[in-house]
Amino acid sequence: MEEFLKSIQDLSISQTVRGSLWVFPALECLHLYSMVFLIASVATFDMRLMGFKLVQKAPSIPNMAKLVLKLSSICFIVNFTTGALLFGSKATDYYVNWAFQLKLLLIVIAV
């Protein structure tokens with residue numbers, strides 16, 4: 001496993017993410033903002049299910065469910081992509097981190 005993680009870490013894109021002054025922070029910002037947008041869209045849908053309406057002509061629940069599914073799928077793809085790039089930059093360090101392992105376990109349970 002150590003060799004596999006090292007090979008991921010040695011990829012040119014992983015070295016670029018790790019070595020650049022702005023790529024890692026930019027990816028991390030995209031990762032976090034996408035996560036916030038995902039949570040906000042699901043929370044908005046949950047509030048709509050509870051009967052809250054922010055505007056008078058709120059979309060119907062089935063239409064809103066389709067929209068939230070599309071938005072959450074896009075957010076998940078962005079999170080997966082940016083997370084994989086961030087992981088690749090320091091794969092050997094992140095793999096042994098118990099907090100990272102717990103995060104991945106919770107993501108798998110949530111999905």
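Okay, one definition before anything else: when I say contact, I mean heavy atoms within 4.5 Å. And keep in mind that what we're looking at is a predicted model.

Let's start with phenylalanine 45. You'll find it in helix α3, which covers residues 23-49. So, is this residue buried or exposed? Its relative accessibility comes out at 16%, and since buried means under 20%, phenylalanine 45 counts as buried. Who does it touch, then? If we skip the neighbours within four places in sequence, phenylalanine 45 is in contact with Ile61, Met64, Ala65 and Val68. Valine 17 is another story: 28 residues separate it from phenylalanine 45 along the chain, and their C-alpha atoms sit 35 Å apart.

Valine 17 brings us to a helix pair. Helix α2, residues 12-19, packs with helix α4, residues 61-89, at an angle of about 85°, and the axes are 8 Å apart. Angles from 65 to 115 degrees count as roughly perpendicular, so that's what α2 is to α4. On the α2 side, the contact is made by Ile13, Ser14, Val17 and Arg18; α4 brings in Leu85, Gly88 and Ser89. Sort those by class and you get three nonpolar, three polar and one charged.

Last stop, helix α6, residues 98-110. Its 13 residues reach 18 Å from the first C-alpha to the last, close to the 18 Å you'd expect at 1.5 Å a residue. And what's going on at the start of α6? There, asparagine 97 has a side-chain oxygen reaching to within 2.8 Å of the backbone nitrogen of alanine 99.

That's my tour, thanks.

Conventions: Residues numbered from 1 in each chain as written. Predicted model: local features only at pLDDT ≥ 70, side-chain atom pairs only at ≥ 80, totals over all residues. Heavy atoms only, no water. Helix = DSSP H or I, 4+ residues; strand = E, 2+ residues; numbered from the N terminus. Expected span 1.5 Å × (residues − 1). Polar contact = N/O pair within 3.5 Å; in protein donor to acceptor, adjacent residues only side chain to side chain. Axes fitted to C-alpha atoms, helices over the stretch in contact; angles between N-to-C directions. Parallel < 35°, antiparallel > 145°, perpendicular 65-115°, else oblique. Nonpolar A, V, L, I, M, F, W, Y, C, P; charged D, E, K, R; others polar. Buried < 20%, exposed > 50% of the residue type's maximum accessible area, 1.4 Å probe, protein only.
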